[in-house]
Amino acid sequence: MGKVFICDHPLIQHKLTFIRDVNTKTKDFRDYVDEVATLMAYEITRNIPLEKVKVRTPVSDADGKIISGRMLGLIPILRAGLGMVDGILKLLPAAKVGHIGLYRDPETLQPVEYYVKLPTDVTERELIVIDPMLATGGSANASIQLLKERGCNQIKLMCLIAAPEGVKAVQEEHPDIDIYVAAIDDRLDEHGYIIPGLGDAGDRLFGTK
């Protein structure tokens, strides 16, 4: 069974409070999301394997460690996932970025695919699927399934906020997937929105309604 990791570092929780605040303006909201994504990238890469190397300092030889050739890929779910990509790339500049476009049908709450563009070597990479909100789990499950159908088998999910229903849905449909979140909230409302949540992440990132 995949694990759920709550990234509870004080800096993440501090910035998440301002992300939730209805009075946070678009620019500040975008900046906070970017910063939290960077901090969460630090957590999600904690167990990347290292290899030993020798380097020469100005004084003498030294033993060091570098990342062991692990290739990473970032897969934001459009459009809200885009708001987290730059923050992650600050720590992982060599990662390639693919995109999955899904929207949630307002009547059925089911995801509808409209765009997929992935790196040519996507099956060789450890992938991080990115979406600020894990609500019903429909979009996350559809994205993970899409990647698996294309031969990808190293996948993690990163979200800012999750509802218990969404976490359960992903664990039931994809029990091999680790989930990284900054917070798990109380529940979903009758419209499929996370309570207390932060509203519509895409609208708040891009200043739309």
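Modeller: Happy to, and please keep in mind that this is a predicted model. A brief stop on the way is aspartate 86, which belongs to helix α3, residues 82–89. Aspartate 86 counts as exposed because its relative accessibility is 52%, and the cut-off for exposed is over 50%. Its C-alpha atom is 19 Å from that of cysteine 7, a residue 79 positions away along the chain.

Now for the close look, at helix α5. Two packed helices are described by the angle between their axes and the distance between the axes. Helix α4 (residues 138–149) and helix α5 (residues 164–173) have axes that come within 9 Å and cross at roughly 25°. Angles under 35 degrees count as roughly parallel, so α4 is roughly parallel to α5. The crossing of these two helices is right-handed. Where they meet, α4 contributes Ala140, Asn141 and Ile144, while α5 contributes Ala169, Val170 and Glu173. Sorted by class, that contact has 4 nonpolar, 1 polar and 1 charged residues.

Next, the two sides of α5. Its buried residues are Gly166, Val167, Ala169 and Val170. These lie on the same side of α5, because they cover an arc of only 160° around the axis. Lys168 and Glu172 are exposed on the other side of α5. As for what the buried residues of α5 pack against, the partners are α4 together with the strands β1 (4–6), β9 (133–134), β10 (155–162) and β11 (178–184).

Note on methods
Residues are numbered from 1 along each chain as its sequence is written. This is a predicted model: local features need pLDDT of at least 70, side-chain atom pairs count only at pLDDT 80 or more; totals for chains, interfaces and linings use all residues. Side-chain values use heavy atoms; hydrogens and water are left out. Helices (H or I, at least four residues) and strands (E, at least two) are DSSP runs, numbered from the N terminus. Buried means under 20% relative accessible area, exposed over 50%, partly exposed in between (1.4 Å probe, protein chains only). Axes are lines fitted to C-alpha atoms, for helices over the stretch in contact, and angles run from 0 to 180 degrees between N-to-C directions. Angles under 35 degrees count as roughly parallel, over 145 as roughly antiparallel, 65 to 115 as roughly perpendicular and the rest as oblique. A crossing is left-handed if the near helix is turned anticlockwise from the far one by less than a right angle, and right-handed if clockwise. Contact means heavy atoms within 4.5 Å. Ala, Val, Leu, Ile, Met, Phe, Trp, Tyr, Cys and Pro count as nonpolar, Asp, Glu, Lys and Arg as charged, and the others, Gly among them, as polar. The arc is that of the directions from the helix axis to the C-beta atoms.
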